[in-house]
Amino acid sequence: MVSAAEGTKRPARSSVWLDGKAARGRRADQPSGLDRDRITAAAVRLLDADGLGKFSMRRLAAELNVTAMSVYWYVDTKDDLLELALDAVIGEVELPDVSDVADWRGQLRELAGGYREMLVRHPWASHLTGTYLNIGPNAVAFAARGHAVMANTDLPPYGQMGGLAAVFQFVYGFGTIEGQFLQRCVSAGVSQDDYYREAVQVMTEQPRFAENFPNAVGLLAERSGESVAAMRERDFTFALDLIIKGIEAMAARLE
């Protein structure tokens, strides 16, 4: 076990899921009821409430009403705990039943929708997804179910990997932007719709915006009567349908 002062120093290839580090149990002299699951759940709550930038092991220990060294018995580093938190929220995504081979489109929509919802609920997860190896049990189960869905599409193996990339890179980007927008609205103390209307008004009043993006002004005006949630839902559904149609077309082309 490393000391608290060592913080997040470790090789980039390291992971809490390697070298048996994820299996550490409770020591007899530790506070009653303290275990890795409780610590991870508290970390998720703090990350949701305060964001990644304000998260610290000291704040976590205070939340749990224990000493920082008590937390370090269960995790070697802050990085290890963040990996555990990331895998915990990935486990919130419901995995579709893939036994019906013909329903791969519905299965893909279910998996993509669940992933998007998780990213929006936990905006900090987007950053961590690009930081760690994502080899925890929930992440592996999620990836395996994605591969199982794509295997039902009749795409060749290389096409299945490309199809997964198209779907989940899109969902990752969409969910990340959506989550960040919601977080900004909360920080500003305004609703999504009020924030959006104010932003549109500011942009459309700028002559250079109208000159450089003449079509955008009309599009913004056309959508002004919709709620942000409705606009976002329509855009997500339409974009995902485009990707699914592309998968269908490629599967037929490569037969």
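A residue is called buried here when its relative accessible area is under 20%, exposed when that area is over 50%, and partly exposed in between, with a 1.4 Å probe and protein chains only. Helices (H or I, at least four residues) and strands (E, at least two) are DSSP runs, numbered from the N terminus.

The structure is a predicted model, in which local features need pLDDT of at least 70 and side-chain atom pairs count only at pLDDT 80 or more, while totals for chains, interfaces and linings use all residues. Residues are numbered from 1 along each chain as its sequence is written, and side-chain values use heavy atoms, with hydrogens and water left out.

**Overall picture and confidence**

The secondary structure of the protein consists of twelve helices and zero strands. Of the 255 residues in the protein, 39% are buried. A contact means heavy atoms within 4.5 Å, and among contacts between residues at least 6 apart in sequence, 72% join residues at least 24 apart.

The predictor's confidence in each residue is given as pLDDT, from 0 to 100. The protein averages a pLDDT of 87, and 84% of the residues score at least 70. Confidence is highest in helix 5 (residues 104–121), at a mean of 98, and lowest in helix 11 (residues 214–222), at 65. Over residues 1–8 the pLDDT is below 50, and this stretch has twelve contacts in the model beyond near neighbours in sequence. Where pLDDT is low, the predicted coordinates should not be read in detail.

**Helix 4 and its surroundings**

Helix 4 has 13 residues and reaches 19 Å from its first C-alpha to its last, close to the 18 Å expected at 1.5 Å a residue; the expected span is 1.5 Å times one less than the number of residues. Eleven of the 13 residues of helix 4 are buried, so this helix is largely enclosed by the rest of the structure. The buried residues of helix 4 are Asp79, Asp80, Leu81, Leu82, Glu83, Leu84, Ala85, Leu86, Asp87, Val89 and Ile90. Their cover includes helix 1, helix 2, helix 5, helix 6 and helix 7.

Two packed helices are described by the angle between their axes and the distance between the axes. Axes are lines fitted to C-alpha atoms, for helices over the stretch in contact, and angles run from 0 to 180 degrees between N-to-C directions. Angles under 35 degrees count as roughly parallel, over 145 as roughly antiparallel, 65 to 115 as roughly perpendicular and the rest as oblique.

The axes of helix 1 (residues 36–50) and helix 4 (residues 78–90) come within 9 Å and cross at roughly 80°, and the two helices are therefore roughly perpendicular to each other. On the side of helix 1 the contact is made by Arg36, Ile39, Thr40, Ala43, Val44 and Leu47, and on the side of helix 4 by Leu81, Leu82, Leu84, Ala85, Ala88 and Val89. These residues divide into ten nonpolar, one polar and one charged, where Ala, Val, Leu, Ile, Met, Phe, Trp, Tyr, Cys and Pro count as nonpolar, Asp, Glu, Lys and Arg as charged, and the others, Gly among them, as polar.

**Helix 8 and helix 9**

Helix 8 has 32 residues and reaches 46 Å from its first C-alpha to its last, close to the 46 Å expected at 1.5 Å a residue. The axes of helix 8 (residues 157–188) and helix 9 (residues 192–204) come within 9 Å and cross at roughly 95°, which makes helix 8 roughly perpendicular to helix 9. Helix 8 contributes Phe181, Leu182, Arg184, Cys185 and Ala188 to the contact, and helix 9 contributes Gln192, Tyr195 and Tyr196. By class, this contact has six nonpolar, one polar and one charged residues. Helix 8 is followed by Gly189, whose phi is positive, near 75°.

**Individual residues**

| Residue | Phi | Place | Relative accessible area |

His122 lies in the loop between helix 5 and helix 6 (124–129), and at 4% relative accessibility His122 counts as buried. Leaving aside residues up to four places away in sequence, His122 touches Val44, Asp48, Val89 and Glu92.

Ser70, found in helix 3, is buried as well, at 10% relative accessibility. Ser70 and Leu34 are 36 residues apart in sequence and 8.7 Å apart in space, C-alpha to C-alpha.
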